[in-house]
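Here's a quick briefing to read with the structure open beside you. Take it one topic at a time.

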Amino acid sequence: MSILAVLEQQGGVWNRMSWETLAAGQQIGAAQGTPVEAAVIGHRIGALAAEAATKKVAKVHAVEHELLEAYTADGFTAALEALVRKRAPTLVLFPHTYQVRDFAPKLAARLGTVLISDVIAVRSGPLWVRQLFQGKLNCDVRAGGPCSFVSLQAGAWRADSLEAGSAEVEKFTPALDASMIRQKPELPFRESARAVDLTAAELIVSVGRGIREKENIPVVEELAKALGAELAASRPICDAGWLPMERQVGSSGQTVAPKVYFAIGISGAIQHLVGMKGAKTIVAINKDANAPIFEVADYGIVGDLFEVVPALVEEVKKAKS
Amino acid sequence: MKIVVAIKQVPVRDSPLRVAASGKWIQESDLSFEINEPDAYALEEALQLKEKHGGEVVAVCAGPARAAQAIREALAKGADRAIHIEDENLAESDTLGIARLLAGAVKPENPDLILTGLQSDDLGYGQTGVVLAELLGIPHSTIIMQVEVSGAAIRVKRELEDGWFQHITMPLPATLTIQSGINKLRYATLMGIKRAKTKEVKRVTLADLDAVPAATTVIEKVYAPEKSKQTQILEGDARTAAARLVEKLKFEARVL
Ligand SMILES: Cc1cc2nc3c(=O)[nH]c(=O)nc-3n(C[C@H](O)[C@H](O)[C@H](O)COP(=O)(O)OP(=O)(O)OC[C@H]3O[C@@H](n4cnc5c(N)ncnc54)[C@H](O)[C@@H]3O)c2cc1C
Ligand SMILES: Nc1ncnc2c1ncn2[C@@H]1O[C@H](COP(=O)(O)O)[C@@H](O)[C@H]1O
């Protein structure tokens, strides 16, 4: 019995979620009395593997090959398949990153099972807790088969609980050849310099699909103006072109940490929350009392934004005059 | 170019959700359903690729009888024909089980390209397309925001975290999982709705596909999330609640 925690790096830089995954592995391992091993995948990753070996793990596998220098789904799946077959862990943990979404389901399928994705907690059993309907409900999932594959939601485990230790690094060279890798990746790029930097804003008024149509945007614009706040939005608003892309907050947009974040007509899907959870104070205005946004809000108003926001504009103006 | 699009029918966004008596799924009887949002974008992308390169768009959907409505909508928007894998108990299946059914139905079609949504709104596993590609032995890429076809290959724009992107080229046939916002959705025209009635919908059963959607993972319990944070809900009508909020922002949060 062993747990394998798969860590993520890109160009020699860790994805911070790797440490959350390793911390989860340590906690689950301690509860089950199971040793935890870590895997780092890439090319020339000696320094990263050595760093991972300063954590409390039984072993670090440095999965190295020149064909793993750039990430590809085919390459990473083949490499990890070989490692999993060799080590036969009972549980493989991943951070739920875009890269993991891209290859881990394939790896699990190749080994005859399902990736239990985007897990937020574990109960004894083990039962893996994950969200349904974009966070409106939760469910407990039981895995079958000899090995479970589980990816962990950002922030679900805390990296600061990671325990230090000292482990041996074992190099693992999978048998790969170029013909196995069908995807030809190019270098990552950013669309253009961001004209709007929301990361420096002290106050942000952010609007979601509750605004219903483009013509209603001035309703929240008024509030932003009254407060002296930057205007931001959830992804569907930017997808629809109602506000420019550079005002999008979330996993594929900007990560902000203002003093106050007003989430107006935003349901609180995890991809939005990761971009604004760091705000000092969160205010949610939503007509659905069960909307997941209230899970992170400090202050909430349950009501119709088309009544609440204009009233709020009045009150803010009064308070400021 | 022959393109297959996988569409799932899910409860309409903002549906009031209640846990079923079994405790293992939601009560579906009083809900309305629609095409899963990213799947609508996948369908639109397929239609635009067909307009550019010619060929055929085939929609495939695994779901109970009610899913026929989602299929009709896809046909009305312009899909040429559809395959309905009809079964009333698919909610008990898992993504590998569903992907096996889809693979069974898609394989004889020999498509050049398979498009799925990147994630379903209900289960949210975000993996059926990737698993489907593995079962069919073809390459894939996920969270796609742009597709260019050139001969026997495609070059796609894949979304990464924090506003980063990456181009990837791979040979056809391939599977892509499409991100919402990749294009602008069209509405079905009256003509399209009329035409949809004459288009072929092939119904297949689990027995036809010779696939048992045996689950390797099981949902044991569905429930409302426990609240961990104490949110101060400001009560009263809009005016009163707004006034209370401003007071809090002024004296507790000290930001006004
Ligand atoms: C890979 C990936 C990346 C993503 N990246 C991002 C990202 O960076 N940023 C992002 O935001 N999303 C992102 N998403 C999408 C995310 O999953 C959600 O779909 C999205 O955040 C939902 O936006 P919303 O809350 O505005 O809309 P909805 O979820 O539709 O919520 C609308 C809310 O408005 C409320 N409402 C409706 N009418 C009213 C009214 N009159 N008054 C008050 N309230 C009302 C409703 O109760 C509901 O809660 C991503 C998804 C994926 C899969
Ligand atoms: N029952 C189904 N029928 C057709 N397509 C499906 C079905 N389930 C999932 N899909 C496709 O797979 C995508 C991802 O679903 P999921 O893995 O559940 O998040 C969806 O966006 C659909 O395109």
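Let's start in chain B: strand β10 (residues 174-178) is largely enclosed by the rest of the structure, because five of its five residues are buried. Here, buried means under 20% relative accessible area, exposed means over 50%, and partly exposed is in between (1.4 Å probe, protein chains only). Strands are DSSP runs of E with at least two residues, helices are runs of H or I with at least four, and both are numbered from the N terminus.

Some ground rules: this is a predicted model, where local features need pLDDT of at least 70 and side-chain atom pairs count only at pLDDT 80 or more, while totals for chains, interfaces and linings use all residues. Residues are numbered from 1 along each chain as its sequence is written, chains are lettered from A and ligands numbered from 1 in the order in which they are written, and side-chain values use heavy atoms, leaving out hydrogens and water.

- β6(B) runs parallel to β10(B), and five bridges join them; strands pair if DSSP finds at least two bridges between them.
- One bridge to look for links B:T116 with B:T177 in β10(B).
- Strand β7 (residues 140-150) of chain B also runs parallel to β10(B), joined by three bridges.
- For B:S141, the bridge partner in β10(B) is B:L176.

**Around ligand 2**

- Ligand 2 has 20 residues around it (a heavy atom within 4 Å), and the closest are B:D39, B:A62, B:S120, B:G126 and B:T128.
- That shell splits into eight nonpolar, 10 polar and two charged residues. Ala, Val, Leu, Ile, Met, Phe, Trp, Tyr, Cys and Pro count as nonpolar, Asp, Glu, Lys and Arg as charged, and the others, Gly among them, as polar.
- A backbone N or O atom of B:A6 sits 2.8 Å from an oxygen atom of ligand 2.
- In the side chain of B:N36, an N or O atom is 3.1 Å from an oxygen atom of ligand 2.
- Taken alone, ligand 2 exposes 480 Å², and the protein buries 98% of that (Shrake-Rupley method, 1.4 Å probe).

**A loop residue**

- B:N110 is in the loop between α3 (95-106) and β6 (113-117) of chain B.
- B:N110 has a relative accessible area of 63%, so it counts as exposed.

Conventions: A polar contact is a pair of N or O atoms within 3.5 Å; within protein, one must be able to donate a hydrogen and the other to accept it, and residues adjacent in sequence count only if both atoms are side-chain atoms.
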